[in-house]
Amino acid sequence: MQTTVIREKLHQYIDDGDEKLLKLLFAVAREYNDDDFEYEFVEDIKILDERRQKRLSGESTTHSWDEVKKAITNKNNR
């Protein structure tokens, strides 16, 4: 894909993008350009750590891919 086409597509993604996409693209661009910008994932890491602790303690459960597919299929058949 040519650079001009990529640029046009990126502009379209930005114009149509939601806040999450814009923040992600901004963080990537800043990191790539090394503008001394630090995007901190402190809250994201905190949430993941909490979920991990719940899973390890047995407070929450996990499911195999087959179980998930079966649950989805059964819901769609109702």
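These numbered points cover the helices, salt bridges and surface patches of a predicted model.

1. Basis. Residue numbers start from 1 along each chain as its sequence is written, and side-chain values use heavy atoms, with hydrogens and water left out. Because the model is predicted, local features need pLDDT of at least 70 and side-chain atom pairs count only at pLDDT 80 or more, while totals for chains, interfaces and linings use all residues.

2. Salt bridges overall. How many salt bridges does a search of the whole structure find? The search gives 2; the term stands for a side-chain nitrogen of Lys or Arg within 4 Å of a carboxyl oxygen of Asp or Glu.

3. E19 and K23. These side chains form a salt bridge, with 3.0 Å from N to O. Both residues belong to helix α2 (residues 19-33) and are 4 residues apart, about one turn of the helix. Helices here are DSSP runs (H or I, at least four residues), numbered from the N terminus. An α-helix has 3.6 residues a turn, so residues three or four places apart point the same way. E19 is exposed, at 55% relative accessible area, and K23 is partly exposed, at 44%. In these terms, buried is under 20% relative accessible area, exposed is over 50%, and partly exposed is in between (1.4 Å probe, protein chains only).

4. D66 and K69. Here the closest N and O atoms of the salt bridge are 3.7 Å apart. The two residues sit in helix α4 (residues 65-76), 3 residues apart, about one turn of the helix. D66 counts as exposed at 53%, and K69 as partly exposed at 37% relative accessibility.

5. Helix α2 and its end. The 15 residues of α2 reach 21 Å from first C-alpha to last, close to the 21 Å expected at 1.5 Å a residue. That expected span is 1.5 Å times one less than the number of residues. Just after α2, D34 has a positive phi of about 50°.

6. Negative patch. Which residues gather in a patch of negative charge on the surface? They are E43, D44, D49 and E50. Patch residues have over 30% relative accessible area and no salt bridge; like charges are joined within 9 Å, and nonpolar side chains (Val, Leu, Ile, Met, Phe, Trp, Tyr) within 5 Å. E43 lies in helix α3 (residues 42-57) and is exposed, at 52% relative accessibility.

7. Nonpolar patch. M1, I6, L10 and Y13 make a nonpolar surface patch of about 440 Å². Accessible areas come from the Shrake-Rupley method with a 1.4 Å probe. Y13 is part of helix α1 (residues 3-16).

Conventions. Lys and Arg count as positive and Asp and Glu as negative; His and the chain ends are not counted. The place of a charge is taken as NZ of Lys, CZ of Arg, CG of Asp or CD of Glu.
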